[in-house]
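Trainee: I would like a close look at one part of this model, the interface between the two chains. Please go through it in one connected answer.

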Amino acid sequence: MSTKLKDYWIYPAIPAVPGVIGLAVLGDFTLQAVVAAVVVLLAGIAGSVLLVKKHTADTESAIKITLAEAEAAFKEEAAVYLRSLKTLGSDVMPVWVRHVETGRSQMEAAIIDLMVRFSGIVEKLDAALKASEAASVGMDGGLASVFVSGEKELGAVVSSLREAMQHKKAMLEEIHGLLHFIAELEKMAIDVAGIADQTNLLALNAAIEAARAGEAGRGFAVVADEVRKLSTLSKEIGNQISKKVMVVSAAISGAVKTAEQTSAGEAKALDASETSISNVLGNFRQITDGLSRSSGILRKESDDIKNEIALALVQLQFQDRVSQILSHVRDNIGSLPDYLEKSQAEFSRSGKLEPVASGNLLNEIAGTYATAEEHSSHSGKIQTAPIASEISFF
Amino acid sequence: MAKTILVVDDSASLRAVVGIALKGAGYDVLEACDGKDALSKLNGQKIHLIISDVNMPNMDGITFVTEAKKLPDYKFTPIIMLTTESGEGKKSAGQAAGAKAWVVKPFQPPQMLAAVSKLIMP
């Protein structure tokens with residue numbers, strides 16, 4: 001700043017000019033009056049010059065003092081500001097870095113836990129499906145096979161029972177035929193009794209004839225008596241045979257009657273069993289069909305869930321991309337304090353305020369980019385993460 | 001006997017996703033968290049295929065593939081790169097190192113399994 005004469009001459013001229021004009025007018029423009037006026041004018045000019053010089057000197061002195069004070073104050077403020085930046089780098093940014101890292105690591109831990117749980121769901125689904133399939137497919141080819149086998153075996157049982165009933169019926173008929181022989185036996189017993197009676201009569205006649213013959217017929221009388229005893233015995237045996245035959249006949253008739261009643265009951269029971277077996281097999285078929293359908297639905301649902309989980313796992317890979325981006329930001333924030341410290345050191349050394357090399361910082365983080373969206377974000381464009389993977393074979 | 005696949009990725013969640021997909025298809029899975037860790041797993045045991053990330057700490061995927069191909073036991077083991085990198089430069093570097101396929105994340109399990117089935121050693 002400098003003080004110029006032309007800027008200040010007007011102030012001493014204000015009293016000087018009227019003085020000069022006054023002297024000249026009052027002195028009637030005589031030589032003395034004009035000289036006096038010129039002297040006054042020159043004195044005014046000289047006073048102006050001295051005033052300006054003095055003012056300039058005082059002003060420059062004041063400016064120097066002010067500048068020195070301002071420079072000292074600025075240096076102090078700049079030092080404080082740079083120290084605050086350094087503090088920002090040493091105290092604040094590490095906190096940011098730790099927060100970013102905490103968020104990144106917590107997200108990674110949560111995603112891993114989520115993945116493990118998804119994996120567990122898939123494993124449990126597989127186990128449930130295998131157990132279900134083992135239940136429906138096991139036992140030599142599954143429930144359908146078991147059903148067919150059971151139906152065949154139960155049919156064979158019913159056939160065996162029917163065959164046994166036929167045999168039983170034939171046997172009963174044969175037993176029934178025995179009654180005819182029993183009747184013959186009864187007639188034969190009666191015949192034996194009749195023969196015994198006639199023999200007894202003959203023996204009696206022989207005894208009479210023997211008695212009539214006297215001493216000569218005594219031996220024949222003994223024979224006739226023995227024959228009579230035999231005929232009596234034969235009649236008793238014939239009667240006993242007849243009684244036994246009647247007992248046997250009654251027993252056989254009773255047995256046949258009982259067997260016929262039993263057979264009728266058995267036939268009804270067999271028919272009822274056959275109906276029950278058919279009903280049971282029908283119910284069993286419904287169950288097996290239902291189980292088969294359920295198994296199919298379970299398998300399909302399981303496959304659908306597994307596919308959904310596979311898609312979820314694809315989506316969860318965002319964590320890796322986010323983790324990488326956060327790591328790059330974290331590292332870049334972490335390197336900023338060095339830049340701030342260099343700036344402060346340069347100021348301390350040379351007193352110059354060097355700007356922070358933000359270009360270098362940007363180049364540094366750009367060099368770490370791995371994803372396409374990082375490059376896009378860097379240049380201010382918005383790009384979403386890819387959904388489908390690219391595969392190149394070499 | 002199930003075939004063994006080595007999965008190399010610094011992201012535990014990605015290793016989990018790949019593991020779930022592969023185990024579900026009946027493969028045995030070994031895991032490594034970076035290239036250096038993966039090289040320590042290549043100790044003579046039979047590994048039928050390797051799936052590796054590219055950007056990893058300690059040793060990146062391209063260096064790992066290069067080093068793995070120097071080992072006689074694993075010279076012919078097929079390697080699939082699984083990465084977020086889709087740039088042609090990195091892809092060419094992977095091919096030059098000896099990788100057989102390049103899969104960009106996120107991967108679809110059926111596509112990954114198809115690639116594994118196509119490349120895995122008998």
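Trainee: How much area do chain A and chain B bury between them, and what percentage of it is on carbon and sulfur atoms?

Mentor: This is a predicted model, in which local features need pLDDT of at least 70 and side-chain atom pairs count only at pLDDT 80 or more, while totals for chains, interfaces and linings use all residues. Residues are numbered from 1 along each chain as its sequence is written, chains are lettered from A in the order in which they are written, and side-chain values use heavy atoms, with hydrogens and water left out.

Chain A and chain B bury about 2600 Å² between them, with 60% of it on carbon and sulfur atoms; buried area is the accessible area (1.4 Å probe) that two parts lose on being put together, summed over both. In contact (heavy atoms within 4.5 Å) are 25 residues of chain A and 30 residues of chain B.

Between the chains there is 1 salt bridge, that is, a side-chain nitrogen of Lys or Arg within 4 Å of a carboxyl oxygen of Asp or Glu. Its partners are Asp320(A) and Lys105(B), at 3.0 Å from N to O. On the chain A side, at least two residues each come from α2 (31-141), α4 (218-316), α5 (318-350) and β1 (391-393); helices (H or I, at least four residues) and strands (E, at least two) are DSSP runs, numbered from the N terminus. The largest share, 5 residues, belongs to α2(A).

β1(A) also pairs with strand β5 (residues 101-104) of chain B, antiparallel, over 3 bridges; pairing requires that DSSP find at least two bridges between two strands. Within this pairing, Ser392(A) has Trp102(B) of β5(B) as its bridge partner.
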